[in-house]
Amino acid sequence: MSRIAKLLRFWATLEAPVNRRTYCLHGLSLAGIKYLGDVIFFWLSTGRFWKPTDYLPLAHSLLWTNLQGVPSWLLPALGVWTLPFLWIGVTLTLRRALDAGRSPWLALGFFLPFVNYTVMASFCFLPTAERGASPKKTTMPRGKRLPNALLSAGCGVVLGLLMVLLGIRFAEQYGFTLFLGAPFAMGALTAFIFNRGYAGTALETIQVTICMFIVVAGALFLLAFEGAVCIAMAIPLGLIVGVLGAVLGRAIALSGRRAIPPVVSAMLLLPLSLAVEPPHLTGRVLHEVRSSVVIGAPPERVWSHVIAFKPISEAPDLVFRLGIADPRYARIDGVGVGAIRYCVFSTGEFVEPITEWETARRLSFSVVRSPAPLSELSLYENVSPPHLRNYLRPRRGEFRLVALPGGRTRLEGSTWYEIEMAPEGYWQLWTDFLIHEIHDRVLNHIKHEVEADS
C-alpha cells in the first residue's frame, strides 16, 4: 500500500526530477491504464469492445462517430476519468523539461492537439542536462503582496479577455482551447507573475487566481460578451482548470525560471492552438434526456393533452426566471404522420413534424426549427453570443404513454439533441439538467390538466 501511495505522490507532485527513462516508462504505463479504463467504461455502457484502431483516432479529435446511442453518463464519466491523467501528464512534462534544461513552459504544449505528441516524444529522447547547464535558483523575491497581486491578476485578465475575443468573436468556436487551454494558461500566468515578485504561499497564489477569474467573469458580463447564466455555468470548469494552472505557474517561478520572454512565447501557443484546432470536434453525439410522470387517468384520456396542451399557468421555477427558455403551450396542425406540432417557448417556437402517430401509445416528431435555448440575463438588451445559435441542436422528441394498473398512465418524454461545445461531457451535465427541468414543467402541466379534467 505504501508503494502505491508513493507512486501516486510521485505522479501528482512537482518535486522529484524526471529523467527520460522514467518519463517514457511512466508515460506509456499511464497511457495503458487510461486506455484500459476507457475500454471498461465503453464496454459497461455499450457492451462493445473499444479496439485500439477505433480508439486512437478518437483520442484527440473526439469525433465520437461510434458513440451514437450511448447512455448519458458515459461522456461525463470519461471526462472525470481523464482529469487526473491530464494533470499527471503536465507535472511529468514540467519536471522532464527542467531535468533536460529546457523551458518548463513547454508543459503547456500538453494542451495542444497533436503538438503534445511531439513534445512528449522529444522528452523521451532528450538527455538530462549537465549540472552547469541548469539555471541556478534565484533568491526569493521580496516585493510587496498587493502590487504583485494586482499586476499578476491584471495580466491574467488581459489574457482571458483576449482569448474570449479571439475564440468567440472571431473564430466563433467554443472548443478545448477556450475552455481548457485558456483557463490553464491564465492560472499559470497569474501565479508565475505573482510569485516572481512576491514569495507567495500556495494559498495566496490560489486566492489571487480565483480573484482574477472573478474579475474576468465580471468584465465579460459588463462588456456584454456573455450573460450571467452562461458565465455561471462556465465558472466551475474554469476555476478547476485555472487552479491547476496556478500550481504549475507557481512551481515554475519557484524553480528559478523567472525570465519573461519564455512566458510570452508560451502564451503565444494559445492563439496557435485556437488556429489549428479543427472546427466541429464536438456536436457529433446524439444525447437523449428522458423524463416521466405518473398520471391518474388511462392513456386514452391523456392522449389529447399530449398532442396539444393549453397555456401553462403554474409559476415557473427559478431556472426559468433566470432566462432559460420556458415552455408555454403546444398546438398542432393536422392529424397523424405529417401533421405539424408547434411547441411555443418564451424564446420562440419549436416546429415539429410528426413522424410516428400511435394513438394513446406514442407520438414521435423531428425538430426542423428551434428557438434560442435561453434569454441572456444581462444589463443590456439583445445580448446574443454565438452559442445561442445552433450550438445546442434539438433533433427529435417523443412521448410514450404506458398503461399502468388502476387506470393510470406513465407518461414518458424524451428529447434527443447535439451540443457543439467542449468539453462535451461537462456541458452535457448542464444541458441534461435544463432539459429535465423543461420536461418536468411540461409533463407536470399535462398531469394537472388531465387530472383536473377528470
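**Close-up 1. Surroundings of Ser 291 in the predicted model.** Leaving aside residues up to four places away in sequence, Ser 291 touches Leu 411, Glu 412, Gly 413, His 436, His 439, Asp 440 and Leu 443, in what is a predicted model. Ser 291 itself belongs to strand S1, which runs over residues 287-295. Its relative accessible area is 5%, and because buried means under 20%, Ser 291 counts as buried.

**Close-up 2. Polar contacts made by the side chain of Ser 291.** The side chain of Ser 291 is joined to that of His 436 by a polar contact of 2.7 Å, and to that of His 439 by a polar contact of 3.0 Å.

**Close-up 3. The buried side of helix H11.** Within helix H11, which comprises residues 260-267, Val 263, Ala 266 and Met 267 are buried. These residues cover an arc of only 95 degrees around the axis, and therefore lie on the same side of H11. Among the elements that cover the buried residues of H11 are helix H7 (145-170), helix H8 (176-197) and helix H12 (269-276).

**Close-up 4. Asn 382 in a loop between two strands.** Asn 382 is placed in the loop that lies between strand S5 (362-366) and strand S6 (392-404). Its relative accessibility is 76%, and because exposed means over 50%, Asn 382 counts as exposed. Asn 382 and Trp 416 are separated by 34 residues in sequence, and their C-alpha atoms are 28 Å apart in space.

Key. Residues numbered from 1 in each chain as written. Predicted model: local features only at pLDDT ≥ 70, side-chain atom pairs only at ≥ 80, totals over all residues. Heavy atoms only, no water. Helix = DSSP H or I, 4+ residues; strand = E, 2+ residues; numbered from the N terminus. Buried < 20%, exposed > 50% of the residue type's maximum accessible area, 1.4 Å probe, protein only. Polar contact = N/O pair within 3.5 Å; in protein donor to acceptor, adjacent residues only side chain to side chain. Contact = heavy atoms within 4.5 Å. Arc of directions from axis to C-beta.
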